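Trainee: I'd like to learn how to read a protein model. Could we go through one together?

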Amino acid sequence: MKKLITLAVLMVMTVTAQAMSYTQAQREALFLTDKMAYELDLSPEQYEAIYEINFDYFYSVSYRRDIYGNYWSRRDSDLRFVLSPWQYNLYMSTNYFYHPLNWHRGSFRFVIYTRYTDRNHFYRSRPSRYSTYRGGYNRGASRYRGRTFNAPTRPRDSRQRPGVGQTGTFDHGTPSGSRPRTSGTTGTSRPRTSGTTGTSRPRTSGTTGTSRPRTSGTAGTSRPRTSGTTGTSRPRTSGTTRAPHKTGSGGHK
């Protein structure tokens with residue numbers, strides 16, 4: 001009997017040791033909310049509310065079954081009230097936001113660190129209630145229903161997410177060293193060789209200023225004809241001839 005009681009006490013101690021402390025839940029909620037603020041472009045009002053939601057989730061889970069249990073469902077429901085439609089769709093498609101916890105070798109594992117490995121890098125300052133919020137908003141009716149959070153209606157820009165193993169210390173938007181697209185009209189596009197352009201090669205057909213003169217027909221440089229009467233023609237040998245030299249007898253007087 002004593003052995004059974006001792007075993008039960010040890011099991012309770014092991015289970016309760018899996019629950020997060022206040023400090024751990026506070027730290028992990030801050031890191032997760034900061035990265036959601038960066039990628040989802042959260043407004044200040046959203047940032048404050050989502051920190052509370054994430055803290056409540058982390059601080060409430062105690063067992064492995066809690067990862068996708070009622071506390072996870074309540075977190076997802078509260079986030080739906082806070083996020084705009086495009087933000088919520090992006091949140092659902094991003095696994096390290098949608099499923100921030102999993103179970104690995106007997107303990108909780110925070111999925112966000114598979115994407116952001118630098119645990120000391122933050123994009124925003126701490127929420128105003130970081131040091132004072134003690135949890136409890138995930139019980140009863142949602143306090144986020146019907147509230148206004150000044151959520152952006154569309155993405156501000158396209159953000160480049162860091163790859164696995166990167167620190168998250170990168171610039172927003174398109175990198176300055178990206179290669180320009182070769183399709184469409186650009187200032188550095190290569191001129192087309194078809195059609196009429198300023199640098200196109202002149203056509204050789206038809207009449208042009210640099211075309212080679214034709215050899216047929218009348219031209220100023222054509223070779224003179226040898227037939228007929230011309231100013232430089234050779235005199236004919238027919239008609240009047242030179243008198244023959246007499247070869248008769250007699251000598252010179």
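Mentor: Here are some questions and answers about this predicted model.

Trainee: What share of the contacts with a separation of 6 or more joins residues 24 or more positions apart?

Mentor: Met-20 and Ser-60 are 40 residues apart along the chain, yet their C-alpha atoms are separated by 8.0 Å. Gln-46 and Ser-84 are 38 residues apart in sequence, with 9.9 Å from C-alpha to C-alpha. Over the chain, the share of those contacts that joins residues 24 or more positions apart is 74%.

Trainee: Is Met-20 buried or exposed?

Mentor: Met-20 sits in the loop between α1 (2-16) and α2. Leaving aside neighbours within four places in sequence, Met-20 has contacts with Ala-25, Phe-58, Tyr-59, Val-61, Leu-101, Phe-108 and Phe-110. Phe-58 in turn has a contact list that includes Met-20, Leu-32, Pro-100 and Phe-110. The relative accessible area of Met-20 is 6%, and anything under 20% counts as buried, so the word for Met-20 is buried.

Trainee: Let's check a helix. How far apart are the end C-alpha atoms of α3?

Mentor: Work out what to expect: at 1.5 Å a residue, the 17 residues of α3 should span 24 Å. Much of this helix is covered, too, with 13 of its 17 residues buried.

Trainee: Gln-46 has a polar-looking name. What is its relative accessibility?

Mentor: Gln-46 lies in helix α3. Not counting residues up to four places away in sequence, Gln-46 touches Asp-41, Val-82, Leu-83, Ser-84, Gln-87, Phe-149, Ala-151 and Pro-152. Gln-46 counts as buried, because its relative accessibility is 0%.

Trainee: Which elements do the buried residues of α4 pack against?

Mentor: Start with the helix itself: α4 has 13 residues and reaches 19 Å from its first C-alpha to its last, close to the 18 Å expected. Its buried residues are Trp-72, Arg-74, Arg-75, Asp-76, Asp-78, Leu-79 and Val-82. The elements those residues pack against are α2, α3, α5 and α6.

Trainee: Which element gives the largest share of the lining of the largest cavity?

Mentor: The structure holds one cavity of 30 Å³ or more, and about 30 Å³ of space lies in the largest cavity. Ile-53, Asp-56, Tyr-57, Tyr-71, Arg-74, Arg-75, Asp-78 and Asn-138 line that cavity. By type, the lining divides into three nonpolar, one polar and four charged residues. The largest share, four residues, comes from α4.

Trainee: One last thing: is Arg-105 buried or exposed?

Mentor: Most residues other than glycine have a negative phi. Asp-41, in the loop between α2 and α3, has a positive phi near 55°, and at 13% relative accessibility Asp-41 counts as buried. Arg-105, in the loop between β1 (101-104) and β2, has a positive phi of about 55°. With a relative accessible area of 79%, and over 50% as the cut-off, Arg-105 is exposed.

Key
Residues numbered from 1 in each chain as written. Predicted model: local features only at pLDDT ≥ 70, side-chain atom pairs only at ≥ 80, totals over all residues. Heavy atoms only, no water. Contact = heavy atoms within 4.5 Å. 1 Å grid on protein atoms, 1.4 Å probe; cavity = no way out; pocket = protein on both sides within 12 Å on 5 of 7 lines; lining within 4 Å. Points joined across faces, edges and corners; volume = space filled by probe spheres on them. Helix = DSSP H or I, 4+ residues; strand = E, 2+ residues; numbered from the N terminus. Nonpolar A, V, L, I, M, F, W, Y, C, P; charged D, E, K, R; others polar. Expected span 1.5 Å × (residues − 1). Buried < 20%, exposed > 50% of the residue type's maximum accessible area, 1.4 Å probe, protein only.
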